[in-house]
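Open the model in your viewer and keep the sequence panel in view. The stops below tell you what to select next.

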Amino acid sequence: MIKLNKILLVSALLLSGVGVASAQEIPHFTGTELNNPDYHHGQLSPAMGVHNIQVMRANRELPETADNFGWTYNHAPMLAYWNNMFFLEYLSDPVGEHVPPGQTFLVTSNDGYEWSKPEVVFPPYSIPDGTQKEGSDQVAKDLLSVNHQRMGFYVSSDDRLFAIAYIAISIDAHDSPNDGKGIGRVVREIHKDGSFGPIYFIRYNEGWSKKNTDYPFYTKSKDKGLVKACEEMLSNPLVQQQWNEEADRDDPLIPIQKQYKAFSYYHLPNGNVVGLWKHALTAVSEDEGKTWTTPTRAPGFVNSNAKIWGQKTSDGRYATVYNPSDFRWPLAISVSENGLNYENLLLVNGEITTMRYGGNYKSYGPQYVRGIQEGNRANASKK
């Protein structure tokens, strides 16, 4: 979880006609301990053994001690573990969310405690002068992109690591970057020696193509392994569902095209897939994400508009991590033996720190948690 420059590591009727699942068939909370909103820590019992680790501390006055830019809006972390190393990607803007320019940084760690200095993996992209979004009379002039990201990494079947970002357009501070009207999604290989490969588009938004963009389309690469990895992503519904919001609103690749946000998922012992979205929406798929039950609020879960994260843990149980309130604090964890019935609620982080640097759409509290998605844990058993 990065917000205010901190991270927490934590190990409608569909086209298919699939209906609503019963409460016992989707994640549900049956515990008795609930957050008390009168307290910043919610009066929740602490989860023992939790470590809170600062990856990067923004510094506008001494940028060389931070990211060399002095940018102070750092958000939307994504994690992977590959080649015996942790990788964390996050987006960054100079002052506030949605206010260009924007870029994506990458940091790495051998142990999860000591992290490298940020490197730019996806720099700001020049929006062509004269660009207009459908339905808006505002015209781009000398405008740079902002980045948005609901998916950050992909480990291919050939064990190659790729960073992913979405090049978005925000004409002004109130313009949404995830309205489906950006330029498109880009990929870039991260090599074992730490170097980066060239940037390619993997998917364009409407109105954009190889004819009016600066990066080549992935099919132009002479690297057969890169092309294969891109086509794996383009054929995997669980990957594509992570692209929702940013993709065209009618992109045929996206299994559920309604604007359910910040998708994460895990597999149950019977092979079914549990999906989780903001507002504690959940659904189940029996066919690897091609079709889903109708997303509905997970019974008993309390959650507002911050992310909820779920995954299978190394001991064979399951955990969800989220803000169990109408605020983006505290951060809590709930554990399940079977991935459906969550029985407790424990405090991960209940601090609400002072905001050092103000900015557009900055919220207080430990929030926007993200773990390591299935498939992005190559050799994870060694850590």
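This is a predicted model: local features need pLDDT of at least 70, side-chain atom pairs count only at pLDDT 80 or more; totals for chains, interfaces and linings use all residues.

Residues are numbered from 1 along each chain as its sequence is written, and side-chain values use heavy atoms, with hydrogens and water left out.

**Stop 1: β4**

Select residues 103-109, strand β4. Strands here are DSSP runs of E with at least two residues, numbered from the N terminus. Is β4 mostly covered or uncovered? Mostly covered: 7 of its 7 residues are buried. Buried means under 20% relative accessible area, and exposed means over 50%, with partly exposed in between (1.4 Å probe, protein chains only). Now look at the two faces. Gln 103, Phe 105, Val 107 and Ser 109 are buried on one side. Thr 104, Leu 106 and Thr 108 are buried on the other.

**Stop 2: the partners of β4**

Two strands count as paired if DSSP finds at least two bridges between them. Pick Phe 86; its bridge partner in β4 is Ser 109.

**Stop 3: a loop residue**

Go to Lys 192, in the loop between β11 (184-190) and β12 (196-204). Is Lys 192 buried or exposed? Lys 192 is exposed, with a relative accessible area of 55%. Leaving aside residues up to four places away in sequence, Lys 192 touches Trp 82, Asn 83 and Asp 159. Contact means heavy atoms within 4.5 Å. Then draw a C-alpha to C-alpha distance from Lys 192 to Ile 169: 32 Å in space, 23 residues apart in sequence.

**Stop 4: an open sheet**

Show the 4 strands of the open sheet, in the order β13-β14-β15-β16, with antiparallel pairing. β13 (264-267) and β16 (296-297) stand at the edges, each with a single partner strand, so one side of each lacks a neighbour in the sheet. Zoom in on β15 (residues 281-285), which 2 bridges join to β16. Thr 282 stands opposite Thr 296 in β16.

**Stop 5: a hairpin**

Finish with β17 (residues 309-312) and β18 (residues 318-322), antiparallel and joined by 4 bridges. Lys 312 has Tyr 318 in β18 as its bridge partner. The two strands form a hairpin with 5 residues between them. Select Gly 316 in the turn: its phi is positive, about 90 degrees.
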